[in-house]
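Here is a short briefing to read alongside the model.

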Amino acid sequence: MSVPETLLPTACATPPVRFERGQREVFCGLTGIVWLHRKIQDAFFLVVGSRTCAHLLQSAAGVMIFAEPRFGTAILEERDLAGLADANEELDRIVGRLLERRPDIRMLFLVGSCPSEVIKLDLGRAAQRLDRAHAPGVRVLSYSGSGIETTFTEGEDACLAALVPAMPQASAAQETQLLVVGALAEIVEDQFRRIFAELGLRNVAFLPPRRAGELPPVGPNTKVLLAQPFLSATVAVLERRGAHRIPALFPLGAEGTTGWIRAVANAFGIAAARVTAVTEAGERRAQRALEGLREELAGKRIFMFPDSQLEVPLARFLSRELDMQPIEIGTPYLNRDLLSAELALLPAGVPIVEGQDVEAQLDRCRAARPDLTLCGLGLANPLEAEGLATKWSIELCFTPIHGYDQAADLAGLFSRPLARRARLRV
Amino acid sequence: MELALWTYEGPPHVGAMRVATAMQDLHYVLHAPQGDTYADLLFTMIERQGRRPPVTYTTFQARDLGSDTAELFKKSCLAAYERFQPSALLVGSSCTAELIQDDPAGLARALKLPIPVVPVELPAYSKRENWGAAETLYQLVRAFAGPAATQPRDPRSCNILGPTALGFRHRDDTREIRALLEGLGIRVNVTAPLGARPADLARLPEAAFNVILYPEIAHSAASWLQRTHGQPFTRCIPIGTIGTREFLAEVMQLADLADADVSPEALRAPWYARSVDSNYLHGKRVFVFGDATHALAAARVATEEFGFTLVGLGTYSREFGRDIREAAATYNVPALVTDDYLAVEARITEAQPELVLGTQMERHIAKRLGIPCAVISAPVHVQDFPARHSPQMGFEGANVLFDTWVHPLMMGLEEHLLSMFREDFEFSDQAAPSHLPQSSQPAPAPAVPLPAAVATGWTPEAERELMKIPFFVRGKARRNTERYAADRGIGQITVEALYEAKAHHAR
């Protein structure tokens, strides 16, 4: 069901990008709840949706490890749709019960879904009303994770964008603040904190915070550094509050991490010698750790299905630091602005495909017989059964992969499927 | 609106997918947004299927809502037909598409495809997964079951109805039951939906009767076949030794066979239950929760074949709530018909069972409460698709039940040893593992005076006595004693009170 492919105008340094439309095989933005609720430890995510939403969440979470998780679904029923029940009253009742049961919750997200969007349930207004009702103990915010509007990691973007209006105003007198944006594993966040401290930055904050009460301030004195490439909406609202984005590579791999830190140093006018002193050891450690993995992965051809929007920085890392050969880089959306530094470093001539027509893409993948295919959970085992090695992409969102000391872990995600195939004799 | 933390069943279109994926040569075109494609992973990751479910999703987006989602549906239908060349198409909507009311049935008909198109309407805001599977099977059977056979039917022929993809041990149950039927000389005409093509469904009326393994899924199709084609269907569920014998007796009657004793040598469960070491199973308090079919069967097997005592019976299959209530009344236990996970947890906590027979959800509840648990029913988990043949049904199924229900209790086998050795110096939580060198042994804890009794209400003597109880049952003893004390307004737990409580709970 592919529509005619269109060549979109691209900047001179960036490779050709093809746009494809057809069946998409991706998660919706609700999936982000699975890692976001681990990150903000006193937040509850209440999806207002259908049984499908609830089922997606528990299936994406894989195992039901938490007896009483900090996410749930207010499932719309026939009477809600038929207007027999006032959806807002119902929501108030459910939220009231929920907060009564969970006094530890400090922040509640009402998360919009496909059904709530289609019936035009105004969760923004509901959140304002509930916020007033439950102030000051609980902050109530809303965003949409619906599949008709968001793809997979865009759910995190929508969530973080919803946090921005709740952030306090930074005082103009304050020292310039570095605001690192994007959910990172705590261990990685702590590593970056140490690096920025060594650079001499004293005012560093992370979004999202670990606790609802620790929302950092924002203002014209804030410089924004993205840790994830899929945060365009969040950047836009931060800029509206006066913040400035630091254009940079993303901190995947040794080169990406150094580039990311260097961009900060430039923005803060830190001397080059000091930057080198801070990054040298980490960079060398990462490179050393990658050496063995490069031997395993060099020359291997990789085909990437669109999924997390991490595909472009990953392709840059895999091609430049591991000598892998990307043969197609699929991405659900391509934000040329946020990825301009990344795009410039991609090997010449690699096709980038924005959007998806999964059947056509599978045809191309089968024809290309790549050594490794990066794809979602629905496709991985069927491709393995056809004899193609795969790496399931959702792990990229659940595993700490950013920074120097995770560079080899990231490469390991790609080498393990190949090493495993080589070892198995059955 | 209803708050759900975990759900026992998915939406009804997932039920339709289970039927479509079980079958061959059938393709399902689902009008649904992109997020709904998550359902593929249920089959490829949980069931480890090596092929994608035969499902095409339209994956409409917000911008399509303003233009023409109906056109998108037609294009998807056509593309699916051309690419997959199925012999029939199933069409329908997921929850979101139901709201935009595009009428997949009419749209697909308008395409005038050269193959049959079966529409399934699955109300996503009132129905669930099993209902969706049942409705889909029913619609497919209605659409394809040919005219009544002209030749007289062979009385020794039947169909097996109910097994689907992503079913709890459906794969193994089907193999087991098929072998039992064939052992009696009964021919299995068609098994559906698992492995069937639409053309096979056309042959359904040729059999003399239907065997339905999972009423949640097969009952409506079987009822229709009975009404329309005069095929009777089985009511006994072949779970457990007794259930299997009754099922075989019913089948022999339907197949016009003389009653015969069928007890294979390999049936070990009844003997194992009678063997002396199984005495420790006697009267174990067991809580049962699952889909209606498996819960009812488990309650019976637990009481009649294991000698357990049932302390609770429940189901999330609301359509079968009456059956569960009736059964619970005969066992004299409260019935629980709910799909609220928290309500199940509350009931289990209250019932204080020694074993939970439930779903993966109850496994988590039981783990939290420190109670052994065996899984008897969907929702499925990757563990529910073992590599080995592991049926729940038939005589081999009875053997499997014995193993899987008793293993979590194995600690109980040593119970008499525990009481014998409870004060043994080597048998306490302070003792280091005997296989580790002595140097790794932690320094003995200094003999600190026991904490003041104020917080717990325990006197130092009672606390010391408690410490003589083996550590792995100590928590339970503490809880039971404190509850006993609280119920009776006993402020200070003395040694006396500890043993009073023990006597009370010993019942």
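## A buried pair in chain B

Arg18(B) counts as buried, with 4% relative accessibility (buried is under 20% relative accessible area, exposed over 50% and partly exposed in between, using a 1.4 Å probe and protein chains only). This is a predicted model, in which local features need pLDDT of at least 70 and side-chain atom pairs count only at pLDDT 80 or more, while totals for chains, interfaces and linings use all residues. Residues are numbered from 1 along each chain as its sequence is written, chains are lettered from A in the order in which they are written, and side-chain values use heavy atoms, leaving out hydrogens and water.

**Salt bridges within a chain**

- Arg18(B) forms a salt bridge with Glu129(B) at 2.8 Å, N to O (a side-chain nitrogen of Lys or Arg within 4 Å of a carboxyl oxygen of Asp or Glu).
- The two residues are 111 apart, with Glu129(B) in helix α7 and Arg18(B) in helix α1 of chain B (helices are DSSP runs of H or I with at least four residues, strands are runs of E with at least two, and both are numbered from the N terminus).
- Glu129(B) is buried too, at 10% relative accessible area.
- In chain A, Arg421(A) and Glu384(A) form a salt bridge whose closest N and O atoms are 2.9 Å apart.
- That pair connects helix α17 with helix α15 of chain A, 37 residues apart.
- Over all chains, the whole structure holds 44 salt bridges.

**Where the chains meet**

- Contact (heavy atoms within 4.5 Å) involves 69 residues of chain A and 61 residues of chain B.
- Six salt bridges are counted between chain A and chain B.
- One of them joins Asp363(A) and Arg83(B), with the closest N and O atoms 2.8 Å apart.
- This pair runs from helix α14 of chain A to helix α4 of chain B.
- Asp363(A) is partly exposed at 35%, and Arg83(B) is partly exposed at 36%.
- Arg51(A) and Glu2(B) also meet in a salt bridge, at 3.6 Å, N to O.
- β4(A) pairs with strand β1 of chain B in the antiparallel sense over three bridges (strands pair if DSSP finds at least two bridges between them).
- Glu2(B) is the bridge partner of Ile75(A).

**Around Thr69(B)**

- Thr69(B) lies in helix α4 of chain B and is buried, at 7% relative accessibility.
- Not counting residues up to four places away in sequence, Thr69(B) touches His31(B), Phe60(B), Asp64(B), Ile100(B) and Asp102(B).
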